[in-house]
Amino acid sequence: MSDLLQTILNRYPNLQPDRRGEHHVDCPFCGKEAQRGQTHFSFSDSGYKCFVCGASGGLYALSQRLGLTDVPLQPRIERKPDPQPVAPWRSNPDRLLAGYWNHPQRYVVWQNYKPISRETIDRHRFGYGRLPFLDKDGNWYMSRDQWLIVPLFEHGHLVGLRGRNLTDNGPKWISATGTSYTLWGVDGVQPGDTVWLCENYVDAAWLMQTHPEWKAVAIGGATTWRDGWCDFLWMRKPSRVIVALDCDLAGQATGATLSRLRRQWTVDHPGLKVPEPNGPKIANSLLKTGITAILFKWPSDAPDKAGIDWVLNREVAA
């Protein structure tokens, strides 16, 4: 065990690792609570990973997030892992994608999840089926469970597969092994467009279905933003980008809601640094790139964790 790992563990008395040496706690990035028998956020000497919000990195980044000041002065030098080859499904995805798109239950399961049309499902190439994963011995296999599949394309090439869980077991979203995150929907942005930047891919698709005068992009989670994506949008020359992350602490809650969530965080996570909402950070990054960016202001009656789907549902009700 490294000195740095021990320093972090000092914040979690009596915490025991699992059989793989991983330690499971509440995620300090998105706040997802640790649950027995489920892997949400875990860390070890090799680093940390949250399978809910996608946050990942090394132990020094984790120690900074936790607000630790007593970290060892000399970090342990770790050899970077050898570059992994591109996942085989990314090299030749046609057969896999065809299976997702031709699944007989595809439209039914998607429309049970969100009120999106067949045309929207086809337009964004949403699918249904099993995801490819790599086991610890280096063997590829297809998942036992079936997922709502959101393919991620970058410059027309498939770079990722994100799966939405339809059960209450495990994380809501998961990525196929070898997935690269990208800014979903950016290829459809044209010069002069008003663009909404959302968290959920499907909410972004539903927004464009309801308001065809707008475009929408999605990042997959409040903490998955990459500053390099500013360039993707800048090259598309939108007239403005409306940043509309979810109404929570990780997204862009404001006012009384933000104050209440911050107080609750200090109660639930004593001694840990309160995270700052990511929405304003993203808007500032866009502004620095020369993009007109506006923060969506959540109404005072918006519930905690409301997303753009809450706004769309309210439009339907009205």
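Predicted model: local features only at pLDDT ≥ 70, side-chain atom pairs only at ≥ 80, totals over all residues.
Reader: What radius of gyration does the protein have?
Author: The protein has 20 Å, which agrees with the value near 20 Å for a compact globule of 318 residues. The radius is taken over C-alpha atoms, and the globule rule is 2.2 Å times the number of residues to the power 0.38.

Reader: What share of the residues counts as buried?
Author: Of the 318 residues, 47% are buried. Buried means under 20% relative accessible area, exposed over 50%, and partly exposed in between (1.4 Å probe, protein chains only).

Reader: Switching to helix H5. Which of its residues are buried?
Author: In H5, residues 106-113, they are Arg-106, Tyr-107, Val-109 and Trp-110.

Reader: What do they pack against?
Author: The buried residues of H5 pack against helices H4 (94-101), H6 (118-123) and H7 (201-210), and against strands E5 (127-129) and E8 (147-154). Contact here means heavy atoms within 4.5 Å.

Reader: Which residue forms a salt bridge with Arg-106?
Author: Asp-122, with the closest N and O atoms 3.0 Å apart. Arg-106 lies in helix H5 and Asp-122 in helix H6, so the pair ties together parts 16 residues apart in sequence. A salt bridge is a side-chain nitrogen of Lys or Arg within 4 Å of a carboxyl oxygen of Asp or Glu.

Reader: Is Asp-122 buried or partly exposed?
Author: Asp-122 is partly exposed, at 36% relative accessible area. Arg-106 has 5% relative accessibility and therefore counts as buried.

Reader: How many salt bridges does the structure hold?
Author: Nine. Among them, Arg-262 and Glu-276 meet at 2.8 Å, N to O. Arg-262 is in helix H9 (residues 255-268) and Glu-276 in the loop between H9 and helix H10 (278-289), 14 residues apart.

Reader: Which residues are linked in a network of salt bridges?
Author: Lys-114, Asp-203 and Asp-309.

Note on methods: Residues numbered from 1 in each chain as written. Heavy atoms only, no water. Helix = DSSP H or I, 4+ residues; strand = E, 2+ residues; numbered from the N terminus.
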